[in-house]
Amino acid sequence: MFDREAHAKRISWYQDARFGLFLHWGLYAIPARGEWVRSDEEMPEEKYLPFFDEFNPTSFAPDQWALAAKNAGMRYAILTAKHHDGFCLFDSALTDFKSTNTRSGRDFVQEFLEAFRAQGLRVGLYYSLLDWHHPDYPHYKDRYHPLRNDPRTKDVPRNFNRYLDYMHGQVRELCSRYGRLDLLWFDFSYTGENQDMTKEAWRATELVQMVRQLQPDVILDNRLEVSGEGFGSLATDRPSAFCGDFVSPEQIIPPFGLYDEAGRSLPWEACVTMNDHWGYCARDKNYKSSATLIRKLVECVSKNGNLLLNVGPDAKGCFPKESRQILHEIGAWMEKNSASVYGCKASLLPKPENGRITRCGNTLYYHIMEESIGSIPLYGIVREQVRSVRLLSDGSELPIQDNWIVNNYPDVVFVNVSDRAQLPDPVDTVVAVTLK
């Protein structure tokens, strides 16, 4: 039976943190055409294995990664311990297809965890349920395998239970050899032609029981049941044993937040790329602006959600310069305004025309993203409710306006945030209103 009290306790830190870093990194950084390159191009393994022989990210510096995340205002980070290609960034005893067998000879999971913990960040690992390297994983007519259309794989005998033993064994290694993990991000369940790769196809109950035994406080996503599409049984009144702790919409922010059948707010996390790929793609320069990402972070919080923002390091182990700049600009805003993000949630007030509202206790944070003619309206409150109004970035008082211009609208509080027509911060000027 789903223990709601234990669930709420597990995710309390996560719902306070609100902002995390996703890291997609592996052999696919060398071809630099995204993490799905083998599947997209139906690439046989003999064309992929040379990247294994070449992999030697001499510029990998996890302390710099961790500092960049911390300075951006992120509170947790998740690294791809194994992606769909089956390559492991950790020293698994169950495979030779691992980073410690490359020219680098390094356990990147260990180094990542140590560096990010040293900066006081929570740490998590991504683990793909798919594996295009393992001989017992479905090949022919699988929905995604690179050799799905290769007739030579049609009659090759495969023992999927043997793969599951391997997969469970690797998860056991991650949960037992690297200290406390705050989050495990499984990816993902799917269906195909005469194929059901969901739920107990992964021996999901057994897997989660093992994980909970080894890491009792770890947070799990919902993708043992679903892909990014669908919410899983966590959204019902009868969550399964493997429902996970949060819903994981991908490349979208839910229009109205997420709720279960009983109307309870669901924990959720929007995982979002900076450009159009998760893994490094050298030609993809379609980066979102830092202004957009700041506003999307605020939108997530205003709907009781988290933002997990991705960076795909290159083959040398460096963050792309565009990603570094975006993180720096987000960090400059967070340095002044993070109180309107951390520990905050939906305000229960209607969305205002000029931005969004987040709330922490008896403080409402009005995120003003649109300039006004004259004073700024703070919708949904009246002056009798207000104890104080401050500009969050510097703590300065913003007196409530009382004059013939605004007095026709007694049900709206008006303030001036600047003596200029422009907002002090054109991206998002935050006004903190403490209620009586």
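**Exercise 1. In which loop does Arg-203 lie?**

Before we start, a friendly note: this is a predicted model, in which local features need pLDDT of at least 70 and side-chain atom pairs count only at pLDDT 80 or more, while totals for chains, interfaces and linings use all residues. Numbering runs from 1 along each chain as its sequence is written, and side-chain values use heavy atoms, with hydrogens and water left out.

Step 1. Find the loop between strand 6 and helix 8 (204-214); Arg-203 is there. Helices (H or I, at least four residues) and strands (E, at least two) are DSSP runs, numbered from the N terminus.

Step 2. Check the backbone: phi of Arg-203 is near 55 degrees, a positive value in a residue other than glycine. Most residues other than glycine have a negative phi, and most peptide bonds are trans.

Step 3. Buried means under 20% relative accessible area, exposed over 50%, and partly exposed in between (1.4 Å probe, protein chains only).

**Exercise 2. Is Asn-194 buried or exposed?**

Step 1. Go to the loop between strand 5 and strand 6 (195-197), where Asn-194 is found.

Step 2. Read its phi: about 50 degrees and positive, although Asn-194 is not a glycine.

Step 3. With a relative accessible area of 80%, Asn-194 is exposed.

**Exercise 3. Find the cis peptide bond between Asp-187 and Phe-188, and place Phe-188 in the chain.**

Step 1. The bond from Asp-187 to Phe-188 is cis, with omega near -10 degrees.

Step 2. Phe-188 sits in the loop between strand 4 (183-187) and strand 5 (190-192).

**Exercise 4. Trace the neighbours of strand 2.**

Step 1. Begin with strand 1 (residues 19-23), which pairs with strand 2 in the parallel sense over four bridges. Two strands pair if DSSP finds at least two bridges between them. Here Leu-21 has Ala-77 of strand 2 as its bridge partner.

Step 2. Move on to strand 3 (residues 122-128): its pairing with strand 2 is also parallel, over six bridges. Ala-77 stands opposite Val-123 in strand 3.

Step 3. Finish with burial: seven of the seven residues of strand 2 (residues 76-82) are buried.

**Exercise 5. Work out the strand order of the open five-stranded sheet.**

Step 1. The order is 10-11-12-16-14, with antiparallel pairing.

Step 2. The edge strands, strand 10 (345-346) and strand 14 (386-391), each pair on one side only.

Step 3. Inside the order, strand 11 (residues 355-360) and strand 12 (residues 363-368) pair over six bridges, and Arg-359 stands opposite Leu-364 in strand 12.

**Exercise 6. How many cavities of 30 Å³ or more does the search find?**

Step 1. The search of the whole structure finds two. On a 1 Å grid over the protein atoms alone, a cavity is a set of points where a 1.4 Å probe fits but cannot get out; lining residues have an atom within 4 Å of a point. Grid points are joined across faces, edges and corners, and a volume is the space filled by probe spheres set on the points.

Step 2. The largest cavity holds about 80 Å³ of space. Of its 13 lining residues, the closest to its centre are Asn-275, His-277, Tyr-287, Gly-312 and Ser-323.

Step 3. The second largest cavity holds about 30 Å³, and its lining includes Trp-25, Lys-82 and Asp-85.

Key. On a 1 Å grid over the protein atoms alone, a cavity is a set of points where a 1.4 Å probe fits but cannot get out, and a pocket is an open set with protein on both sides within 12 Å along at least five of seven lines; lining residues have an atom within 4 Å of a point.
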